[in-house]
Amino acid sequence: MVKGLVADIQRTSLHDGDGIRTTVFLKGCPLSCLWCHNPECISFEKEIMEYPEKCIGCGKCSEGCYSGAKVVCGKEMTAQEVFEQIILDKPYFADNGGVTVSGGEPMAQKEFAGELIELCKKNNINCAMETSLIYFDEEIFKKLDFVMADLKIWNDDLHKKYTGVSNKIIKENFESLNSLRIPIIARTPIIPDIDQELDKISEFLKTLENVKEYELLPYHPLGIAKQKALKKDITEFEIPSAEYMKELKKYAFIRRQTKLDAQNKDKTYH
Amino acid sequence: MLSYADRLNSMRKTKIKHTIEKRKQNGYTDLDDFGTVPISEGYEVEPWYNSSNGSFYGYDGMAENFCRVMDAHEPYVDPMEMLCGRWRDMLVNYRGDVHYLPDWLKKKPKIMELMASATDQWSKRWDEQRFPYDELKPLQEKYNIQTGIDSDAHLACDYRIGFELGFGGLLEKIEKFRNKNPEKSDFYNAEEKTVYAIIRFIDRHIEKIKELLKTEDRPEIKESLENMLTACENVRLNPPKTFHEVCQWTAFFNCASRVCTRDGAGFQMDTILYPYYERDIKAGILDDEKAKFLIANLLLIDPHYYQISGVDENDKDMTNHLSYLILEAADSINIACNLTVRVHENCDKEFFKKAVYYLLKNKNGWPRFCNDKALSEGYMKNGVDKKTARERIAVGCNWMCVPGKEFPMNDTVKINVAKVFEVALNEMRNEENRSTQRLLELWEEHLKLAIDITAKGINLHIDHQAEVTPELVMNLMMENTLELGEDISKCASLYTVGVDGAGLAVVADSFGALETRVENEKVLTWDDVYDALRNNFEDERTRLILNSSPKYCEGNSVSDKWAKRLTECWVRNIKNQKMPKGRCLVPGWFSWARTIEYGSKVGATPNGRRAGEPISHGANPNPHFRTDGAPTAQSNGIASVQCGYGNTAPLQIEFDPGLSADEKGIEIIGRFIKGHFSQGGTLININILDKEKILEANENPDLHPDLVVRVTGFTAYFASLSPRFRQLVVDRFLEGV
């Protein structure tokens with residue numbers, strides 16, 4: 001079994017898709033979005049994250065840090081080892097909960113991600129992926145129950161400027177993914193400082209029938225503490241106001257009804 | 001014209017006002033809200049002390065003082081309500097127990113004199129002059145055992161007995177059996193005196209209502225007061241006949257039972273009240289809105305532990321229309337509330353979803369959930385049939401009881417297993433071959449001694465409770481008591497006595513840290529650890545090396561394995577303990593709200609806990625058990641340490657899932673509850689909280705006087721808790737964010 005470099009495994013993840021999920025964050029991403037909230041998942045190498053406020057000044061760093069002042073991010077694990085963590089929460093998954101393979105860019109560790117998804121599917125666990133769609137692999141994607149993918153900026157030059165890569169391939173991969181008939185949740189992180197051209201993104205996504213939902217996610221500065229811990233340059237952006245998000249809501253859409261919604265559409269609990 | 005909603009709103013506001021006043025009168029209190037109202041101006045009780053010990057005991061002492069406290073109670077009638085009656089004071093306040101001493105009583109020299117010789121482990125509630133146990137005390141202290149000697153009220157009445165007879169019928173029953181058993185006249189006289197005190201309490205309410213009626217000019221309130229008057233007049237002697245009357249009867253009984261021994265055990269509310277509901281609906285004298293108002297009123301009067309839904313002995317769903325109305329009623333008043341929803345795969349799924357909806361909507365810690373299957377199958381392993389096991393209901397923080405039949409002392413007997421661990425660890429100190437395996441052997445040896453001494457205490461208590469603290473009010477609705485002229489402690493059908501271990505996570509993580517850091521990694525030696533414990537972790541690095549070891553509830557961790565081994569050992573030794581007279585011990589994991597007190601008795605432990613810091617809560621993990629604080633990980637860990645004999649190791653959890661009370665939120669929380677129960681979990685005490693609100697309230701409790709949290713099994717107004725206890729709740733909460 002190939003080993004993957006795993007940044008973190010987060011259980012009881014409630015906001016990365018339906019149901020109760022376990023999110024596996026893989027390390028390494030070819031994009032370098034300036035607002036990234038998981039900057040520890042950009043590098044393909046293990047990294048030390050430093051939190052000097054936790055240092056007790058024992059002077060024994062070389063013998064191992066136990067205070068949390070220096071934390072290694074990145075653990076080599078086989079898909080089986082990760083699966084053993086995932087399976088612990090199977091009693092909570094039911095039909096729609098499960099695992100979300102995230103990152104970083106999970107498809108950057110394609111072989112490992114493929115093995116992990118294969119293992120989960122064999123055990124009837126719902127599998128989702130959060131991806132930038134910079135890569136496309138039909139075999140892997142076909143096994144997924146749904147995909148969460150970003151289209152961050154419409155204009156390619158701006159996309160290159162803020163993420164480091166062209167969005168041409170991403171748009172093409174959106175179309176390819178659409179043809180696989182896998183439900184897609186498309187998303188855009190909202191950065192008020194950038195003209196993202198949400199109208200064009202929204203129009204494009206509407207042409208893809210398998211985009212079941214288009215979500216707008218307000219930028220949040222949670223990544224900054226981690227950037228500091230990684231001693232990376234920090235770029236701060238404006239946090240979109242609630243009013244601004246409300247204004248943009250017209251671009252978002254939901255096409256799907258979950259099974260549960262459909263069953264209960266006429267029911268109220270009050 | 002005032003609508004039901006207007007009146008409920010007014011009742012809720014009055015409740016908040018009372019909560020604030022009570023805090024001023026009582027000081028901070030880490031106890032259940034109890035539903036009490038503030039002490040009225042000039043309230044005074046002169047207790048009758050019948051022992052040179054300075055306290056009062058026995059049928060005469062309890063009955064006389066019950067009458068004195070009850071008679072001192074002014075009637076409580078709020079015209080906004082449909083039911084009347086509240087309690088303010090309880091006998092235990094006068095009996096020398098440091099856990100129950102409100103500030104307003106601290107001004108009484110006699111009380112303080114009595115209190116002077118009481119400690120948190122030994123109160124004056126037990127008559128030690130007549131029933132001494134000095135020979136047990138050294139080991140009780142050594143292992144920090146909460147002995148249960150002097151406990152009361154931890155059983156459950158069969159309300160159907162009282163509903164069938166009424167107070168008049170109970171008097172007749174007392175008279176009938178007193179004639180049959182004249183040698184038991186002390187018992188019957190005390191019971192009779194008790195019932196008359198309750199009737200006088202009702203009579204004062206009748207007078208108060210009449211007085212209020214003279215000046216009440218709002219037609220709808222006047223009518224309501226007239227109905228209240230009729231209900232009170234009917235139930236002072238007669239059995240309750242209508243839904244209104246049965247609620248009023250319950251309210252009066254509960255006040256009396258609380259005053260006597262703080263009894264908070266309610267009943268299976270939906271099935272027991274259903275016949276009254278159905279009859280009145282058919283008769284056209286009740287509609288759903290009125291029924292909801294009455295239930296809300298009853299829940300306001302006292303946060304007794306009521307249970308709803310579940311399955312019967314044939315696994316048939318018992319959920320009925322009233323089950324729904326009870327949830328709606330609780331929502332309409334939305335205060336501290338101890339409703340437990342029984343969960344079973346055969347139960348009405350819509351009802352379960354509705355219960356979860358209210359948990360999410362109100363974020364006030366109710367309802368909580370228990371697992372019918374695991375609890376009844378476990379209880380049957382004590383040799384009890386399925387029908388009886390299914391009658392066993394959730395009537396306390398962590399505990400279950402078969403109403404009318406069982407004398408479980410549940411939640412009153414605890415062994416601080418962290419203290420037992422400390423003794424074992426100290427004993428191993430000078431041994432040549434120190435290992436976690438050897439430490440486990442020593443822990444088990446000391447555990448056996450602790451259990452044996454605990455059992456002796458339990459037997460002493462059961463043998464003599466009748467002569468010390470007879471259950472005068474509860475005896476009225478138990479099987480065999482009035483018939484035989486015996487206190488329930490003498491004549492219960494079932495003596496399945498609960499013994500809870502407290503401090504599991506401290507011990508499991510200590511074993512885990514020793515195995516990881518000393519035995520496997522060899523980062524520390526045994527001597528390093530002993531030195532660090534002796535000097536209370538002067539070297540912070542050593543503490544962190546131990547504290548950062550994998551913890552219980554992390555998932556497949558070394559400490560998870562230890563927690564399971566410790567549980568097996570705990571259960572085996574509890575069940576192996578020989579007990580006389582058909583009694584048996586039933587294991588559980590629970591600390592109640594005494595984690596601070598128990599922790600203060602234990603020195604530094606190898607999990608990196610400093611001397612005197614609180615021990616872990618119930619079966620919960622220690623703080624920082626995972627970086628993500630995953631509730632599912634906590635749930636799995638706790639499901640894996642269930643003791644399996646029908647008593648609980650509750651999952652106590654608080655978190656802000658950032659979910660709305662919509663389909664997705666309901667689905668997720670419902671799935672979480674069912675996931676825990678599918679793995680054998682027994683009880684979930686759950687707080688879905690609003691992060692901002694609880695942090696604000698911790699800074700300034702007066703900002704949110706209505707914020708309710710489920711502290712352990714009970715709910716309390718956050719503003720009434722002591723600052724230290726508030727912080728514990730907040731720390732637990734932050735763990736789950």
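In the predicted model, chain A comprises ten helices and eleven strands. The radius of gyration of chain A is 19 Å, which agrees with the value near 18 Å that a compact globule of 270 residues would have. The C-alpha trace of this chain extends over about 60 × 45 × 45 Å along its principal axes, and 43% of its 270 residues count as buried. When contacts in chain A between residues at least 6 apart in sequence are considered, 71% of them are found to join residues at least 24 apart.

Nine of the strands of chain A form an open sheet with mixed pairing, in the order E5-E1-E2-E6-E7-E8-E9-E10-E11. Strand E5 (75–78) and strand E11 (253–254) of chain A stand at the edges of this sheet, and because each has a single partner strand, one side of each is left without a neighbour in the sheet. Within the sheet, strand E2 (residues 21–26) and strand E6 (residues 98–102) of chain A run parallel and are joined by five bridges; Val24(A), for instance, has Val101(A) in E6(A) as its bridge partner. Helix H3 (residues 110–122) of chain A lies across E1, E2, E6 and strand E7 (126–131) of the chain, and its direction makes an angle of about 175° with E6(A).

The contact between the two chains takes 24 residues from chain A and 26 residues from chain B. On the side of chain A that touches chain B, the elements giving two or more residues are strand E1 (3–13), helix H1 (79–86), helix H2 (90–93) and helix H10 (259–263) of chain A, and E1(A) gives the most, with three residues. Classified by residue type, this side of chain A has eleven nonpolar, eight polar and five charged residues.

In chain B, a packed pair of helices is formed by helix H8 (residues 243–261) and helix H10 (residues 288–301), whose axes lie 10 Å apart at an angle of about 0°. Since angles under 35 degrees count as roughly parallel, H8(B) is therefore described as roughly parallel to H10(B). From H8(B), the residues Phe243(B), His244(B), Cys247(B), Thr250(B), Ala251(B) and Asn254(B) take part in the contact, where they meet Ala291(B), Leu294(B), Asn297(B), Leu298(B) and Ile301(B) of H10(B). By class, this contact of H8(B) with H10(B) has seven nonpolar and four polar residues, and no charged residues.

Methods. Residues numbered from 1 in each chain as written. Chains lettered and ligands numbered in written order. Predicted model: local features only at pLDDT ≥ 70, side-chain atom pairs only at ≥ 80, totals over all residues. Helix = DSSP H or I, 4+ residues; strand = E, 2+ residues; numbered from the N terminus. Rg over C-alpha atoms; globule rule 2.2 N^0.38 Å. Buried ≥ 20, exposed ≤ 12 C-beta atoms within 10 Å, placed from the backbone. Contact = placed C-beta atoms within 7 Å. Nonpolar A, V, L, I, M, F, W, Y, C, P; charged D, E, K, R; others polar. Axes fitted to C-alpha atoms, helices over the stretch in contact; angles between N-to-C directions. Parallel < 35°, antiparallel > 145°, perpendicular 65-115°, else oblique. Pairing = 2+ DSSP bridges.
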